[in-house]
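Hi,

Here is the structure I promised to pass on. Have a look at it first, and my notes follow below.

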Amino acid sequence: HTAHYDTIIHNYLKKNPLSNDFNLTYKKHSEMRYGENPHQAASAFQVPGDNSNSILNAKIHQGKKLSYNNIMDADAALACLKEFSTTACVVVKHANPCGVAIGQNMLDVYTRAFSADSLSVFGGIVALNEECDQSVAREISKIFVEIVLAPVFTDDALAIFSKKKNLRVLSFGKILPREKLLEVRNIVGGIIVQETDTSVVTKDNLNTVTKVEPSESDIDTMIFGWKVLKHVKSNGILIVKNNTTVGVGAGQVSRVDSVDIAMKKSGQAIKDSILCSDAFFPFRDSIDKIAGSGIKAVLQPGGSVRDNEVIAACNEHGIAMVFTGQRCFKH
């Protein structure tokens, strides 16, 4: 107990969060049936005194006990959801967003997020940043999902969900912007620590580098896309349209392969869409691939030694390209 107390005081008083003496302390929140796979033991541990609107503090209205994978996916969904102040829905599968939309009406927003990749939604996590009412609950109940997250649920919504006994329904209260926390990962012999990526890209950060310029509406869609892309595993390619994701290419070791997957997922919705890339294009091959597909603009960090070749390819194909000046890798 003394060591536990001393660590809390030390971390509270120290000025540098990444100090030479780095100590962490947690209390067990819950035991789990198993970890990522049945042969792995697992438990959840919580920061002492934490009262954030997080998955570990969420109110569980019904459903089976949360598993290791449930908590990982739900936390990923909530992190992406916190990027938005307007009405939003985030659908996550294996810690990657597979459908995200923003708008004015929650039922419409959920419908667009679901339709973005209705196949991948099966067995996923649905997260809403506003009240879940009867109309939204009725639509969600038409498919199999593991968890539904929302700040609050109406009684009618809970009554609808209660018919699905295994569905986990969690409320987390008022949603707040992401905090700059420390992310800790274990490696053999130690840990590596970094700040959470809470950076925000605005219109002032963007730089159009092609002859064709994007419209104001395109710029707004790019900013929406970048907020989602920050939560897609690298190499990450995201295709967006009308403030909705239409194709996600996540976690590929080749950027051009991620482009292929995102294009395939987009289907006919690719017409007049925008492609967002989490890092620069090392070659022009991805631009040549999307030429004639219907993609009208590209958002990427820039910074490649072949930027001029990539820009030239966009100019040849009549595609607008915008640089953010920063990347958003996620591993």
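Which residues have the most contacts inside the largest nonpolar core? They are I55, L81, F84 and L149, in a core of 48 residues. (A nonpolar core is a set of buried Ala, Val, Leu, Ile, Met, Phe, Trp, Tyr and Cys residues joined through side-chain atoms within 4.5 Å; buried means under 20% relative accessible area, exposed over 50%, partly exposed in between, with a 1.4 Å probe and protein chains only.) Domain 1 (1-171) and domain 2 (203-323) both contribute residues, so this core lies between them; the bounds come from an automatic or database domain assignment.

Before you read on: this is a predicted model, where local features need pLDDT of at least 70 and side-chain atom pairs count only at pLDDT 80 or more, while totals for chains, interfaces and linings use all residues. Residues are numbered from 1 along each chain as its sequence is written, and side-chain values use heavy atoms, leaving out hydrogens and water.

Leaving aside residues up to four places away in sequence, L149 touches several others, among them I55, A74 and F172 (contact means heavy atoms within 4.5 Å). A second, separate core of 25 residues includes M106 and I143.

There are also four aromatic pairs (Phe, Tyr and Trp rings, six-membered for Trp, with centres within 6.5 Å; planes under 30 degrees apart are stacked, over 60 edge-to-face, the rest tilted). The Y110 and F114 rings are stacked, because their centres are 6.1 Å apart and their planes at 25°. Y110 is buried at 3%, whereas F114 is partly exposed at 22%. F153 and F161 pair edge-to-face, 6.0 Å centre to centre with 85° between the planes.

Enjoy exploring!
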